[in-house]
Amino acid sequence: MRAAGRCAQFFGLTLPAVAIVLELQHVVSLGQMLVMLVAAVCCFGIGRILESYAS
């Protein structure tokens, strides 16, 4: 449970960087980048909750 939470947090932290790089290369639009950033925040929050339930 703790490892899944950590993995979700790591994914939530790396997704914004990937979204910014993809937008700078004009692979995704600005709206799609915003959706990716919101998903990253949600993923990080879920990972934090999972990690806290493990202890």
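## Salt bridges and packing around Glu51

Glu51 pairs with Arg6 in a salt bridge, their closest N and O atoms lying 2.7 Å apart. A salt bridge here is a side-chain nitrogen of Lys or Arg within 4 Å of a carboxyl oxygen of Asp or Glu. Helices (H or I, at least four residues) and strands (E, at least two) are DSSP runs, numbered from the N terminus.

Before going further, a word on the model: it is predicted, so local features need pLDDT of at least 70 and side-chain atom pairs count only at pLDDT 80 or more, while totals for chains, interfaces and linings use all residues. Residues are numbered from 1 along each chain as its sequence is written, and side-chain values use heavy atoms, with hydrogens and water left out.

**The charged network**

A search of the whole structure turns up two salt bridges. In the other, the side chains of Arg48 and Glu51 meet at 3.5 Å, N to O. Arg48 and Glu51 are three residues apart in helix H2, which means that about one helical turn separates them. Through shared partners, the salt bridges join Arg6, Arg48 and Glu51 into one network. As background, side chains of opposite charge can pair when their charged atoms come close.

How open are these residues and some others to the surroundings? The table gives relative accessible areas for Glu51, Arg48, Gln9, Ile49 and Met1. Buried means under 20% relative accessible area, exposed over 50%, and partly exposed in between (1.4 Å probe, protein chains only).

| Residue | Relative accessible area | Class |
|---|---|---|
| Glu51 | 8% | buried |
| Gln9 | 12% | buried |
| Arg48 | 45% | partly exposed |
| Ile49 | 46% | partly exposed |
| Met1 | 59% | exposed |

**Contacts between the helices**

Not counting residues up to four places away in sequence, Glu51 touches Arg2, Gly5, Arg6 and Gln9, where contact means heavy atoms within 4.5 Å. Gln9 lies in helix H1. With the same exclusion of residues up to four places away in sequence, Gln9 touches Phe44, Gly47, Arg48 and Glu51.

**Helix H1**

The buried residues of H1 are Gly5, Ala8, Gln9, Gly12, Leu15 and Ala19, and H2 is included in what covers them. At 1.5 Å a residue, the 23 residues of H1 should span 33 Å, and the end C-alpha atoms of H1 are 34 Å apart, which agrees; the expected span is 1.5 Å times one less than the number of residues. H1 has a kink of about 25° at Thr14, shortly before the proline Pro16. That bend is the angle between axes fitted to the seven residues ending at a residue and the seven starting there. After H1 comes His26, with a positive phi near 60°.

Met1 lies in the segment before H1. Leaving aside residues up to four places away in sequence, Met1 touches Leu50 and Ala54. The C-alpha atoms of Met1 and Ser52 are separated by 9.2 Å, although the two residues are 51 apart along the chain. Ile49 has its place in helix H2.
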